[in-house]
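Here are some exercises to work through with the model open in your viewer. Try each task before you read its solution.

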Number of protein chains: 2
Amino acid sequence: MHQVYIYDTTLRDGTQGEEISFSVEDKIKIALRLDAFGVEYVEGGWPGSNPKDMEFFERMKSIPLKKTKLAAFGSTCRASSDPQSDENVIQLLKAETPVVTIFGKSWELHVLEALGTTLERNLEMIYDTVKYLKANGKEVVYDAEHFFDGFKSNSSYASKTLQAAEAGGADTIVLCDTNGGTMPHEVEAIFKSASQLVRVPLGIHAHNDSELAVANSLTAVRSGAVQVQGTINGFGERCGNANLCSIIPILQMKLGMSAVPPEKLAGLTELSRFVSDVANLQPRKNLPYVGQSAFAHKGGIHVSAVMKSARTYEHIEPKLVGNSRRVLVSDLSGKSNVLYKAKELGIEISGNNGQASSVVNELKSLENEGYVFEDADASLEILIRKSAGDVVMPFELESLHIIIEKDANDGISHTVATIKLRVGDKIELTASEGIGPVNALDNALRKALLQFYPQLAETKLSDYKVRVVDGADGTAAKVRVLIETTDLDSNWDTVGVSENIIEASWKALVDSIVYKMMKDNDKNKASKRHVELRK
Amino acid sequence: MHQVYIYDTTLRDGTQGEEISFSVEDKIKIALRLDAFGVEYVEGGWPGSNPKDMEFFERMKSIPLKKTKLAAFGSTCRASSDPQSDENVIQLLKAETPVVTIFGKSWELHVLEALGTTLERNLEMIYDTVKYLKANGKEVVYDAEHFFDGFKSNSSYASKTLQAAEAGGADTIVLCDTNGGTMPHEVEAIFKSASQLVRVPLGIHAHNDSELAVANSLTAVRSGAVQVQGTINGFGERCGNANLCSIIPILQMKLGMSAVPPEKLAGLTELSRFVSDVANLQPRKNLPYVGQSAFAHKGGIHVSAVMKSARTYEHIEPKLVGNSRRVLVSDLSGKSNVLYKAKELGIEISGNNGQASSVVNELKSLENEGYVFEDADASLEILIRKSAGDVVMPFELESLHIIIEKDANDGISHTVATIKLRVGDKIELTASEGIGPVNALDNALRKALLQFYPQLAETKLSDYKVRVVDGADGTAAKVRVLIETTDLDSNWDTVGVSENIIEASWKALVDSIVYKMMKDNDKNKASKRHVELRK
């Protein structure tokens with residue numbers, strides 16, 4: 001089987017992306033995850049460029065890796081020095097990694113304008129640096145920066161740079177589309193020319209500036225590349241690097257090649273989300289293979305077909321990459337979406353006696369008002385279970401009162417919510433301050449309910465989103481509030497819509513509490529049943 | 001020059017994307033923008049599937065388009081009916097669009113399992129429906145759903161479906177990679193086979209489930225496709241549709257083909273952001289060509305090379321697609337940005353006396369707090385002119401008080417804002433109700449100021465957006481409020497940020513009023529000068 005070696009540069013080129021920054025601890029965590037996932041090479045950083053990267057390599061000296069070879073990245077020596085005395089090259093050796101990757105210039109524009117040296121001297125710098133690193137016992141990866149642009153501008157000179165790296169003893173030569181502007185058919189043609197020039201195994205390093213990094217990487221592999229450089233989630237400078245989370249499953253599932261051990265593939269989604277988490281970035285929902293929407297179906301026709309046979313609208317089985325199918329309920333969907341959702345939630349509703357249709361009608365009318373249930377599974381469950389008479393309201397509101405005060409000084413001086421509610425035959429009146437009216441309301445509601453439902457102490461609002469549904473009416477426009485709540489073992493999302501942001505937030509808050517009660521009741525029933533069975 | 005016809009389906013397939021939902025007004029706005037941008041076809045919706053889409057087509061009957069042909073989308077008639085009596089087909093004709101697009105099944109799996117009919121009957125449904133629509137004077141686009149999967153599974157049957165559409169008189173036949181699992185080399189091979197089968201011009205409709213939708217669309221074009229279907233920003237079901245914001249510039253700038261009038265290309269970035277705005281989705285920063293990071297340089301080596309010659313690290317000139325270069329974490333570039341912006345606004349500030357640097361520092365600290373000025377030019381102008389001592393505050397706040405009440409009944413019963421402010425040496429105290437606290441505040445503020453500044457009667461809040469800047473703290477998270485205000489001859493955008501939505505809204509409201517005063521003063525000065533000159 002054609003083996004492709006995956007070279008991950010999330011920790012180096014990935015951090016060139018806007019908003020991406022990893023601490024040394026973060027880098028270690030990610031390196032260990034990539035090792036466990038079975039990636040062949042992990043590029044840890046550029047030791048000569050910043051102290052954080054040097055510290056990472058220091059720390060990694062005492063942390064064993066099972067499968068992955070760690071690579072340190074840097075440039076060829078400068079025009080004004082030789083490798084032995086070049087500070088950048090010295091740092092590369094100090095990193096003590098088995099693999100060293102250096103980049104050199106292939107494009108005369110860069111040699112002349114960016115480096116300000118001669119074409120001849122650049123060839124020496126490549127040859128000398130590779131040779132010196134080989135003499136120091138390293139596996140050397142040579143990154144031919146801007147190879148495709150260089151080849152298009154002066155193919156003869158670009159070719160000589162590869163031959164210099166080969167003559168120096170490079171183990172792999174990687175052709176880089178550094179600016180991301182190369183088309184797949186150009187990659188194919190140029191790759192084939194390059195493989196005639198040198199005998200060293202070739203690799204590909206693509207950027208996504210034309211939304212073609214994955215296609216260009218695959219084209220290179222089909223033209224003979226054995227190494228693919230890229231990053232998890234396609235993180236990287238400008239539009240990002242080639243996305244390994246798409247490339248790896250394609251190589252293994254579509255092209256019948258080998259990239260990581262087959263049993264690891266089911267960990268791909270988890271790996272993707274782990275790296276987003278560490279980067280503190282919201283994972284992109286529509287990421288291929290690993291995104292939350294990658295196997296989400298919204299249209300009614302699609303859902304009813306998927307229920308008959310999943311491959312009608314799924315190009316692979318989601319679980320093979322550790323992802324899962326989701327059915328979205330929206331105004332585009334019909335009865336089949338609701339039935340599917342109910343089944344998934346473990347609720348029995350009938351498709352025949354009108355119950356599903358009445359839920360669909362209620363959904364459509366709510367969605368007309370601006371509700372969206374796709375991201376509010378808990379509110380949807382409440383709605384479906386209400387239709388089955390299966391929801392008990394844990395309290396009744398008597399009255400609610402919010403005061404916001406601001407004086408000439410900066411900021412709001414005072415926000416207080418007062419709430420009066422009834423639980424059974426008991427009345428509770430309480431008040432709470434907050435940062436803003438919704439926060440005060442949330443605080444007051446919890447405070448009032450806590451004595452009746454102590455388990456609410458476990459819950460916490462973990463996300464709060466506001467969206468204007470239709471902006472045309474200025475501040476009187478309708479708003480949709482989405483709330484995420486977390487307790488000890490799960491989280492759930494609820495939604496509220498109103499022209500009044502307080503009312504919309506109130507609805508979402510109430511759903512959040514109703515859902516918590518419902519969930520705990522289900523659990524109690526299940527464990528009671530369990531106890532009875534044991535008796 | 002090879003002409004490629006762009007077929008936009010943002011309003012139909014785009015809305016299958018999770019979190020994407022457009023009102024009828026939204027759809028009309030987007031259709032008009034696409035028309036102005038020079039897109040050949042706009043698919044407006046599926047009139048038979050929901051009343052919102054039908055309403056859109058009704059409204060469009062009286063709205064003229066300059067260049068774009070509107071298309072209504074639907075399926076072939078059902079197995080159990082003929083086109084004349086099929087409700088879906090009847091609705092398609094009622095939409096009264098010049099173009100009708102219907103999809104039919106190419107994959108026997110779908111015919112047998114999803115439709116539950118015979119292979120033979122499916123061919124009749126395709127032929128009959130196309131023929132009936134042609135007889136009704138329509139330009140007919142036939143979408144061959146799952147063509148690539150169908151061809152791989154039973155090439156002979158898939159071929160017959162295309163021939164049925166051709167025999168019925170289809171004007172264009174579009175090969176669809178509905179599940180998004182097809183590789184570019186397969187697209188090439190299958191496309192070439194298909195072009196041997198029929199003489200009708202072919203098109204491509206690709207999905208991004210393998211991160212290959214752009215590559216597959218380009219491959220199809222290079223194999224002879226003359227129509228490309230896709231969406232703005234790649235919106236769409238699961239991982240999205242082919243992204244027209246990447247495909248259009250590639251066709252025109254990389255492949256030397258024609259897709260939209262050449263002078264329109266510089267409006268691409270604005271179009272992309274407009275559609276994100278209407279969808280109320282944060283635009284993805286790393287989108288190729290149009291993203292905010294697409295030409296953002298972070299690495300020191302890259303920045304210094306780009307300053308010598310931009311094409312060292314930019315594959316195209318950003319302004320050709322209406323985007324711009326950004327240099328991250330660099331004080332120098334920050335200053336030049338501010339100078340550029342000030343010049344654009346016609347404000348004179350000096351780069352030497354520290355004024356520009358102090359604006360940069362204030363901007364950076366505000367951006368750290370969550371401010372974004374890209375969409376709030378009026379707030380930015382106030383900030384720059386404040387540094388020149390050029391802004392007079394039209395009032396001082398003394399105090400502000402908002403009460404919100406709700407009782408056991410549905411909805412909020414009562415929302416009142418009371419405001420006390422000073423203009424010169426006069427104090428005004430007034431109150432106003434509103435739908436929600438921000439609306440009450442807006443009403444009270446205008447009411448208090450109107451006697452002093454009657455021109456405020458001309459202004460109206462035309463848009464109000466709330467975005468949570470960092471969701472991690474639940475209802476105590478920071479929010480950013482963007483307000484758009486309109487008067488007789490212009491509109492402007494202002495921004496406010498705070499953990500308190502009332503405070504954030506207040507800041508944006510105050511900026512909106514300050515800007516109006518500033519603008520009117522400028523106009524008065526200019527016309528006074530004009531009068532003096534005439535004397």
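**Exercise 1. List the residues that Gly236(A) is in contact with, leaving aside its neighbours within four places in sequence.**

Step 1: with contact meaning heavy atoms within 4.5 Å, Gly236(A) touches Asp13(A), Gly14(A), Gln16(A), Gly17(A) and Asn241(A).

Step 2: Gly236(A) sits in the loop between β8 (227-230) and α10 (244-254) of chain A; helices (H or I, at least four residues) and strands (E, at least two) are DSSP runs, numbered from the N terminus.

Step 3: Gly236(A) and Thr10(A) are 226 residues apart in sequence, yet their C-alpha atoms are 7.5 Å apart in space.

Step 4: check accessibility. Gly236(A) has a relative accessible area of 7%, so it is buried (under 20% relative accessible area; exposed is over 50%, partly exposed in between; 1.4 Å probe, protein chains only).

A word on the ground rules: this is a predicted model, where local features need pLDDT of at least 70 and side-chain atom pairs count only at pLDDT 80 or more, while totals for chains, interfaces and linings use all residues. Residues are numbered from 1 along each chain as its sequence is written, chains are lettered from A and ligands numbered from 1 in the order in which they are written, and side-chain values use heavy atoms, with hydrogens and water left out.

**Exercise 2. Work out why α10(A) counts as largely enclosed by the rest of the structure.**

Step 1: count. Of the 11 residues of α10(A), 9 are buried, so the helix is largely enclosed.

Step 2: name them. The buried set is Leu244(A), Cys245(A), Ser246(A), Ile247(A), Ile248(A), Pro249(A), Ile250(A), Leu251(A) and Gln252(A).

Step 3: find the cover. It includes β1 (5-8), α1 (24-37), α9 (213-222), β8 and α11 (268-279) of chain A.

**Exercise 3. Describe how α5(B) and α7(B) pack.**

Step 1: get the geometry. Helix α5 (residues 119-135) and helix α7 (residues 155-168) of chain B meet at an angle of about 25°, and their axes are 7 Å apart. Axes are lines fitted to C-alpha atoms, for helices over the stretch in contact, and angles run from 0 to 180 degrees between N-to-C directions.

Step 2: classify. α5(B) and α7(B) are therefore roughly parallel (under 35 degrees; over 145 is roughly antiparallel, 65 to 115 roughly perpendicular, the rest oblique).

Step 3: look at who takes part. On the α5(B) side you'll find Leu119(B), Ile126(B) and Val130(B) among others, and the α7(B) side includes Tyr157(B), Thr161(B) and Ala164(B).

**Exercise 4. Do likewise for α8(B) and α9(B).**

Step 1: helix α8 (residues 184-197) and helix α9 (residues 213-222) of chain B cross at roughly 30°, their axes coming within 9 Å.

Step 2: α8(B) and α9(B) are therefore roughly parallel to each other.

Step 3: Pro184(B), Val187(B), Glu188(B) and Phe191(B) of α8(B) meet Ala215(B), Asn216(B), Thr219(B) and Ala220(B) of α9(B).
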